[in-house]
Amino acid sequence: MHFNLRTGLRSLLVGLLMAIFTAAAVFAQAPQSNCGELRLHRAGQFGPFDYRTDRSKLGIVEDYHFTPAVEALIRGSSSVIPGPDLSYTLGAFPNHHRALLAMVRYGEKMKSSRPPGASYSVECYFDRALRFRPDDSIVRMIYASYLSKSARAPEAIQQLEQATAFAGNNAFSHYNIGLIYFDMKDYDRALRQAHKANELGFPQTVLRDKLQSVGKWTEPSGRPVIGPGTTPTSESADIKNSTLSSPSPEENQK
């Protein structure tokens, strides 16, 4: 955003208010010293695009770079190893949920914070995804799991709290946030998320069963509990299986 130095304070304040309302675009272009600069649609670059909404552009990336063999870390598509193809995918779609999961697994497999062929460290790809789309709660969930496994629980909780705020009335997201809290043994927060998902009509009971198994389940006060076979609300009716609650987080975020 360009400010004319000769404009008055009123114009400056208007510009600052505009910056607040276009925060996502500002984050997307803000440079990060160690994790690279994100530029919107620069010459010669395909993307960056939003994995959740720019679905029509996914084919050209997934058909040639994020192939099943790349996702499974068996081999690369454009090179021998999968690193360059994962990097290309996350360059075109910084918040590509499955590619982020694959990059985490690749780092674990290679026992490296920056596995071979990757343009940045694993953590940088989360930084880039969240600068690009700060409101992507699924990215924040995947990042929280990564932080938790790295014994960084306070940072993981911070990501989950932000994911909860962005989840709104998405029962699927609240449920998966609860599962991550359970894995972290943060049972009180897991219970709150389970109650929220129930309230919104999410039908699965795995989280409730997990909490019952450790003696941490209590019925929500004054609210009916959704049980097996109950028809979910319209919010949860369209929810697909995901690798957070099942095998892979998909674009079920609203």
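Me: Why is Arg189 called partly exposed?

Reply: Arg189 has a relative accessibility of 25%. Buried means under 20% relative accessible area, exposed means over 50%, and partly exposed lies in between (1.4 Å probe, protein chains only). Arg189, at 25%, therefore counts as partly exposed. Please note that this is a predicted model, in which local features need pLDDT of at least 70, side-chain atom pairs count only at pLDDT 80 or more, and totals for chains, interfaces and linings use all residues. Residues are numbered from 1 along each chain as its sequence is written, and side-chain values use heavy atoms, with hydrogens and water left out.

Me: What makes the contact of Arg189 and Asp186 a salt bridge?

Reply: A salt bridge is a side-chain nitrogen of Lys or Arg within 4 Å of a carboxyl oxygen of Asp or Glu. The N to O distance here is 2.6 Å, so the pair qualifies. By this rule the count comes to 12 salt bridges.

Me: Is Asp186 buried or exposed?

Reply: Its relative accessible area is 15%, which is under 20%, so Asp186 is buried.

Me: Why is Glu155 called partly exposed?

Reply: Its value of 34% lies between 20% and 50%, so Glu155 counts as partly exposed. Glu155 meets Arg152 in a salt bridge (2.8 Å, N to O).
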